[in-house]
Amino acid sequence: DEVRVLPRGANYVFSERLEVNNSLTGLYYQIGATNPRLRGAALIIGKALGERFYFNMRTRQQLGYIVYAGMGQIEKTLNLTLLVQSGTYPADELLRRMDEFIPGFVKSFRELPEEAFEKYRRAVVEAKLERPKSFGEVAGGVFWRAFKNDEKFDHVSEGIRAGEARSQAEVVEILENYLRGRGKRRVAFRLAGKEHPLGPPQGQPVELPPERKVKAG
């Protein structure tokens, strides 16, 4: 497996029909190669995104029973990911509502009071200070630092310093660039339930090569 760098302005759509009645829609926004300052900003954004997305999609709109949003990292590439799984709404409707959510979230983040922004930043720092809960976590962390993170054993301290150094204006600039601006690189995943309608993709369609496809069941 490899992580591919998406071109600026990418708007790819992957579609697949499932053998079950649930549909799942995901949005993947690629941010770029990780570094402490960019990762610190993405973690702050991810905290706010997860909270607002869950409240909007799960609590208020009740679109599905599985709702998630937050920052992710594949190898050394950062992303923001949003997911909704529903047995009632088709994939296209989920995607439409997720697209409607993005501008409002960007606006609300831009207008966050200083104390609310600081709450998210402190939550990121405190999460980094938590001790591992098992020997497995300790071993996994050491393996990741040694073999996946170029032997940077002080990355936690670097992340804390970077998160504390980020101003709200800087984080807002990163958010707007990667979710709505020139830096946006997006893949939408439409996994449609067998009884749900699925329209033509609104973007550049992509498919897995035949040898990478997995048959349901």
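This is a predicted model: local features need pLDDT of at least 70, side-chain atom pairs count only at pLDDT 80 or more; totals for chains, interfaces and linings use all residues.
The expected span of a helix is 1.5 Å times one less than its number of residues.

**View 1. Helix α1 along its length, from residue 36 to residue 60.** Just after α1 comes Q62, a residue with a positive phi of about 50°, and a residue other than glycine. Q62 is found in the loop that runs between α1 and β3, where its relative accessibility of 56% makes it count as exposed.

**View 2. The meeting of helix α1 with helix α6, the latter formed by residues 168–179.** The axes of the two helices come within 10 Å and cross at roughly 80°, which means that α1 is roughly perpendicular to α6. On the side of α1 the residues that take part are R37, L38, A41, I44 and I45, and they meet E170, V171, I174, L175 and Y178 in α6. Divided by type, the residues of this contact are eight nonpolar, no polar and two charged.

**View 3. The open sheet of six strands.** With mixed pairing, the strands follow the order β3-β4-β2-β5-β1-β6 across the sheet. Strands β3 (66–74) and β6 stand at the edges with a single partner strand each, so one side of each is left without a neighbour in the sheet. From one strand to the next the twist averages 20°. Helix α1 packs on this sheet, where it touches β2, β3 and β4 (77–86), and its direction makes about 170° with that of β3.

**View 4. Strand β1 between its two partners, β5 and β6.** Strand β1 (residues 11–17) runs parallel to strand β5 (residues 186–192), and seven bridges join the two. Within this pair, Y12 has V187 of β5 as its bridge partner, while F14 stands opposite F189, also in β5. Strand β1 also pairs with strand β6 (residues 204–206), again in the parallel sense, over three bridges. Here F14 stands opposite V206 in β6.

**View 5. The hairpin of β3 and β4, with two residues between the strands.** Nine bridges join β3 to β4, and the two strands run antiparallel; one of the residues in this pairing is G70, whose bridge partner in β4 is T81. In the turn of the hairpin lies E75, which has a positive phi of about 55° although it is not a glycine. With a relative accessibility of 48%, E75 counts as partly exposed.

View 6. Apart from its neighbours within four places in sequence, L27 is in contact with L80, T81, L82, L95, M98, D99, R186, V187 and A188. The C-alpha atoms of L27 and Y12 are 10.0 Å apart in space, and the two residues are 15 residues apart in sequence.

**View 7. Helix α2, formed by residues 91–110.** The 20 residues of α2 reach 29 Å from the first C-alpha to the last, which is close to the 28 Å expected at 1.5 Å a residue. The buried residues of this helix are A91, E93, L94, L95, R97, M98, F101, I102, F105, V106 and F109. Among them, L95 and M98 are also in contact with L27.

**View 8. The protein chain as a whole, with its six helices and six strands.** Read from the N terminus on, the elements run β-β-α-β-β-α-α-α-α-α-β-β. Of the 217 residues in the chain, 41% count as buried. When contacts between residues at least 6 apart in sequence are considered, 79% of them join residues that are at least 24 apart.

Terms used:
Residues are numbered from 1 along each chain as its sequence is written. Side-chain values use heavy atoms; hydrogens and water are left out. Contact means heavy atoms within 4.5 Å. Axes are lines fitted to C-alpha atoms, for helices over the stretch in contact, and angles run from 0 to 180 degrees between N-to-C directions. Helices (H or I, at least four residues) and strands (E, at least two) are DSSP runs, numbered from the N terminus. Angles under 35 degrees count as roughly parallel, over 145 as roughly antiparallel, 65 to 115 as roughly perpendicular and the rest as oblique. Ala, Val, Leu, Ile, Met, Phe, Trp, Tyr, Cys and Pro count as nonpolar, Asp, Glu, Lys and Arg as charged, and the others, Gly among them, as polar. Two strands pair if DSSP finds at least two bridges between them. Buried means under 20% relative accessible area, exposed over 50%, partly exposed in between (1.4 Å probe, protein chains only).
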